[in-house]
Amino acid sequence: MTINDIKHPKIKAWVEEVVKMCQPDDVYVCDGSQAEYDRLMKKCVDSGLATPLAKKPNSFLFRSLPSDVARVENRTFISSKTQDAAGPTNNWINPDELKATMTGLYTGCMKGRTMYVIPFCMGPVGSSISKNGIELTDSEYVVLNMHIMTRVGTKVLDVLGTDGTFVPCLHSVGKPLAEGETDGGIWPCADIENKYISHFPEERLIWSYGSGYGGNALLGKKCFALRIASVIARDEGWLAEHMLILKLTNPQGEVKYITGAFPSACGKTNLAMLIPTIPGWKVETIGDDIAWMKFGKDGRLYAINPEAGFFGVAPGTSAESNKNALISAEKNTIFTNCALTEDGDVWWEQIGYPAKGKLVDWKGNTRDALPKDTSPKGEEFAHPNARFTAPAAQCPCIAPEWENPEGVPISAILFGGRRPSTVPLVHQSRNWNHGVFLGSIVGSEITAASTIDASQVGKIRRDPFAILPFCGYNMGDYFSHWIKLGAKADQDKLPKIFYVNWFRKDDDNKNLPGGFMWPGYSDNSRVLAWIFDRCNGADNAIDTPIGFMPKEGSINTDGLADHYKKTLPAITSVDKEGWLKEVKDVRENHYPKFGSHLPKELVECLDDLEKRLNS
Ligand code: GTP
Ligand code: SPV
Ligand code: MN
């Protein structure tokens, strides 16, 4: 298809304008077909960017440059008209200034390349809850990933007709080619100071330049479905969240749907695909990263997964930790920055078995595999933020209703993060506002998914609602939005809110792998079961200063290893000293950032928590 086949005058005009600015050699409008995917993948293989994997049908490995391995939060901008609208936690540049700078960079930036027009839909095509976008990109890798992560093609242009609403998403790797020059098999991107991941919330517009990786480049994901969608959601009265969605069935066959917000690389994909260790329980997947939630006519909160694939963290994924993810990525999958084995398979740290012979690491160096499945920090064979891009439909535990345009009714919302101390295994909020309070104080160790600076990894930072890097407006106003929606709703129909922590540590206890006091993964089903029963009003909790916590014996420990039975009391009790420190830190360092935008309800919750801890 060519530009002239586009029947939507606004799209056509915008595409023509971008062509003038970026000056690609060709323009190609994507139809979303398998033939198109195969053709573009062949182009990547022929140019040396992709390696076909002999061991995995129709699957390919890409290696990025070491400077382009994750999102770049310090190069991500919310360019609203005023800095106050972007708030204290977002980078801001005046939109006129940012557009001038980026126009300079965009001018001629696609020389020597094809510009692809990707019509895509977030959510099932044609659903009233779905939203359309058009991404213009000069990266074949982006087109291929968008094919898996979103619904792409002519069908989206058909739905848009001549005047449908779309979010314009402009992307360039920022590496024009001179006459006759090629990438020579090297991942194209720009230097860090020229990378810009920019959002213009009032215009619902995205401009991304200089990176080809993940959330920087697949603009339907974090840029659209979270940063821009959060602004649309605020204006329209719904929620766009960095949350997994799972379906939990108890041994009696009763079903509940649960969403969970955990910061990047903190366990959403794993929880969404969990295989329970406790008999009779079942988890199925609706989504692993993003939830759009709206109130239904019945007053309940319904969630859809706007994505069509998983862009999952590879390291740590094993048959033991997440078998369903491994099966999802057995075929038709794109791997990025994983290691390559001699027999044409991928390998990564904690895949569950040591590699044999030689490995090509994520930097392209051939090295002898280690006899054990452990690599010293900094010498990993796969980058810690190596990813697989796999179609959601290939997940063995995908719920049949995962594409239901109505969404699924949510009973519980979880917040969590990597907290080595203080925060217990699970506690429940007293009410909606207290739940919003818990979401607002979420903190976590920084992971390799959120920074390209390895020295930052492991430091604790507040990441309210796990959406700190993905909120398109003032986080203080975001808290108010949650409070307002709760106040308007029928209180009995609101989801219950829980704070979980799989990551408490005791590094001195040699029995504990990784020092973790809780086994995590499949054993998290024990906590999900407690939450399920809580939602049914079970008498399984005690009232504590921080909220409702499991009554002794109410967490199923059948089959749990003895050393975890021993650590359980410590992680299911209130660490009063730790929480008092937490209160002080929130009061002195966290909440003051939001100034007059901080809702008073949250300060009341903080005061109440302090009072209860001291009484
Ligand atoms: P994003 O895609 O970046 O948003 O990440 P995510 O939240 O989906 O995280 P994911 O499930 O991919 O997990 C990231 C890392 O955390 C992997 O290396 C997992 O092995 C590890 N992990 C997940 N769940 C648990 C758990 O319950 N306990 C422990 N100790 N580690 C976990
Ligand atoms: C995250 O960092 O939360 C991700 C990966 O899900 S990315 O798409 O790169 O943002
Ligand atoms: Mn994520």
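Tyr-521 lies in the loop between strand β28 (496–500) and helix α13 (525–535), where helices (H or I, at least four residues) and strands (E, at least two) are DSSP runs numbered from the N terminus. The model is a predicted one, in which local features need pLDDT of at least 70, side-chain atom pairs count only at pLDDT 80 or more, and totals for chains, interfaces and linings use all residues. Residues are numbered from 1 along each chain as its sequence is written, chains are lettered from A and ligands numbered from 1 in the order in which they are written, and side-chain values use heavy atoms, with hydrogens and water left out.

Tyr-521 has a positive phi of about 45° although it is not a glycine. Most residues other than glycine have a negative phi. Tyr-521 counts as partly exposed because its relative accessible area is 42%; buried means under 20%, exposed over 50%, and partly exposed in between (1.4 Å probe, protein chains only). Gln-350 is likewise not a glycine and has a positive phi, of about 55°. Gln-350 is placed in the loop between β20 (346–347) and β21 (358–360), and with a relative accessible area of 42% it is partly exposed.

The next site is a metal ion. The manganese ion (ligand 3) is coordinated by Lys-222 (NZ), His-242 (NE2) and Asp-289 (OD), at 2.2 to 2.3 Å. Donors are N, O and S atoms within 2.8 Å of the metal (3.2 Å for Na, K and Ca); water is not among the atoms, so sites may look incomplete. The arrangement is octahedral because the 6 donor atoms around the manganese ion subtend angles of 74 to 176°. Six donors count as octahedral if opposite donors are over 155 degrees apart and all others between 65 and 115. Along the sequence, the donor residues follow the spacing K-x19-H-x46-D. His-242, in the loop between β11 (239–241) and β12 (243–249), and Asp-289, in the loop between β14 (282–287) and β15 (291–295), are 47 residues apart and link distant parts of the chain. Both His-242 and Asp-289 are buried.

Helix packing comes next. Two packed helices are described by the angle between their axes and the distance between the axes. Helix α11 (residues 432–440) packs against helix α12 (residues 475–488) at an angle of about 160°, with the axes 9 Å apart. Axes are lines fitted to C-alpha atoms, for helices over the stretch in contact, and angles run from 0 to 180 degrees between N-to-C directions. The angle therefore makes α11 roughly antiparallel to α12, a term for angles over 145 degrees, while 65 to 115 counts as roughly perpendicular. Contact (heavy atoms within 4.5 Å) is made by Trp-432, Asn-433, Val-436 and Ser-440 of α11 and by Phe-479, Trp-482, Ile-483 and Gly-486 of α12. With helix α16 (residues 600–614), α11 packs at about 85°, the axes being 9 Å apart, and α11 is therefore roughly perpendicular to α16. Here Asn-433, His-434, Val-436, Phe-437 and Ser-440 in α11 meet Glu-601, Leu-602, Cys-605, Leu-606 and Leu-609 in α16.

Two further residues complete the tour. His-427 is in strand β25 (residues 426–428) and is buried, because its relative accessible area is 0%. Beyond residues up to four places away in sequence, His-427 touches residues including Leu-438, Tyr-499 and Trp-579. Arg-419 lies in the loop between β24 (408–416) and β25 and counts as buried at 6% relative accessibility. Arg-419 and Phe-503 are 84 residues apart along the chain, and their C-alpha atoms are separated by 5.7 Å.

Methods: Tetrahedral: all angles 85-135°; square planar, octahedral: opposite > 155°, others 65-115°. Parallel < 35°, antiparallel > 145°, perpendicular 65-115°, else oblique.
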